[in-house]
Amino acid sequence: MSLNLINTKIVLKKHPNPSVTEDLFELKTEELKELKDGEFLINVKYVSIDPAMRGWISDVRNYSEPVAIDGSMRSLGVGKIISSKDKDFNENEYVVGWLGWQKYAVVSKSAIQIKINPNEVPLSANLGALGLNGITAFAGLVDICKPKTNETIVVTTAAGSVGSAVGQIAPNGVDYFFDNVGGEQFDAVMENLNINARVVICGTIGMTSYPIPNGPRINRTLLVKRAKIEGLLVLDYFDRYQEIYDQLAQWFKDGKLKNKEDISDGLPKAPASLVKILNGLNLGKQLVKI
């Protein structure tokens, strides 16, 4: 028996070589099958477009398994549950989770990050300042950097979704470097660190993932400035998602946290939106409205 619904989704047809282009992806349709016990069906409203996707579609394993050829493109999304065989997830509830580039998502609870109230904040904000980008910014700045008043912060890609959130969360500036880029910008900032500075590596969008560039060239700077450098992977903070979300949501409702968005209309626009963000052409958190 089927659900009598036709799903539209985007699958990965080939890996980048080396550039990310629209022709790496293909739009497909399929009939949805009956739900199994523990599964529920989500009508996806928005999907997230993130720089990390460049690594997800590579044929080289990174911090997560690569998206499989002919597999649905991985992404976070927000949507409404329209059918459920899980007692903890009910029809008409809204959730954020790994829904993928598709109109409908059949998932189990392991794919879900959080339930959200669609009436408290704009639905799309749950994928931006209140989503993985905001969680990342909070984790790196508040949890790792532990900022103090009257210190200075440098944030690369401060116009992007993570960088802009970091800049807003910083209380009066901090004496830390929150890097999303790598490459020449990273080198330049390293030469201007203060003593006891803290460096958080959140992304390397300005560098090729493979082959790995020669380096490092920062050992002497870290020695002289007695600085610390630490990598940040937001997956390590998923057990605190609700806690951090609640704080971000309060700041958002108080007007202390803004959420600039760049929204494309229609699932077929997702590949072009990814190319757009990787070329630095977006003006805010890149989303696709389904």
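A: Start with a term: buried means under 20% relative accessible area, exposed means over 50%, and partly exposed lies in between, using a 1.4 Å probe and protein chains only. By that rule N180 is buried, because its relative accessible area is 9%.

Some ground rules come next. This is a predicted model, where local features need pLDDT of at least 70, side-chain atom pairs count only at pLDDT 80 or more, and totals for chains, interfaces and linings use all residues. Residues are numbered from 1 along each chain as its sequence is written, and side-chain values use heavy atoms, with hydrogens and water left out.

Where does N180 lie? Its place is the loop between β9 and α4. Such names follow DSSP runs, numbered from the N terminus: helices are H or I runs of at least four residues, strands are E runs of at least two. Contact means heavy atoms within 4.5 Å. Leaving aside neighbours within four places in sequence, N180 touches V155, T156, T157, V162, G163, C202, G203, T204 and I205.

Now the sheet. Four strands form an open sheet, in the order β8-β9-β10-β11, and the pairing is parallel. Two strands pair if DSSP finds at least two bridges between them. The edge strands are β8 (153–155) and β11 (228–231), and each pairs on one side only. From one strand to the next, the twist averages 15°. Strand β10 (residues 198–201) is joined to β11 by four bridges. Across that pair, I201 stands opposite G231 in β11.

Helices pack on this sheet. Angles here run from 0 to 180 degrees between N-to-C directions, and axes are lines fitted to C-alpha atoms, for helices over the stretch in contact. Helix α2 touches β8, β9 (176–179), β10 and β11, and its direction makes about 155° with that of β9. Helix α4 (residues 183–190) lies across β8, β9, β10 and β11, and runs at about 175° to β9.

Helix α2 (residues 132–145) also meets helix α3 (residues 161–169): their axes come within 8 Å and cross at roughly 50°. That makes α2 oblique to α3. Under 35 degrees counts as roughly parallel, over 145 as roughly antiparallel, 65 to 115 as roughly perpendicular, and the rest as oblique. The crossing is right-handed. On the α2 side, the contact is made by N133, G134, T136, A137, F138, L141 and V142. On the α3 side, S161, V162, A165, V166 and I169 take part. By class, this contact has eight nonpolar, four polar and no charged residues. Ala, Val, Leu, Ile, Met, Phe, Trp, Tyr, Cys and Pro count as nonpolar, Asp, Glu, Lys and Arg as charged, and the others, Gly among them, as polar.

K146 is found in the loop between α2 and β8. Its phi is positive, about 50°, although K146 is not a glycine. Most residues other than glycine have a negative phi. Is K146 buried or exposed? K146 is exposed, with a relative accessible area of 54%.

Notes. Left-handed = near helix turned anticlockwise from the far one by under 90°.
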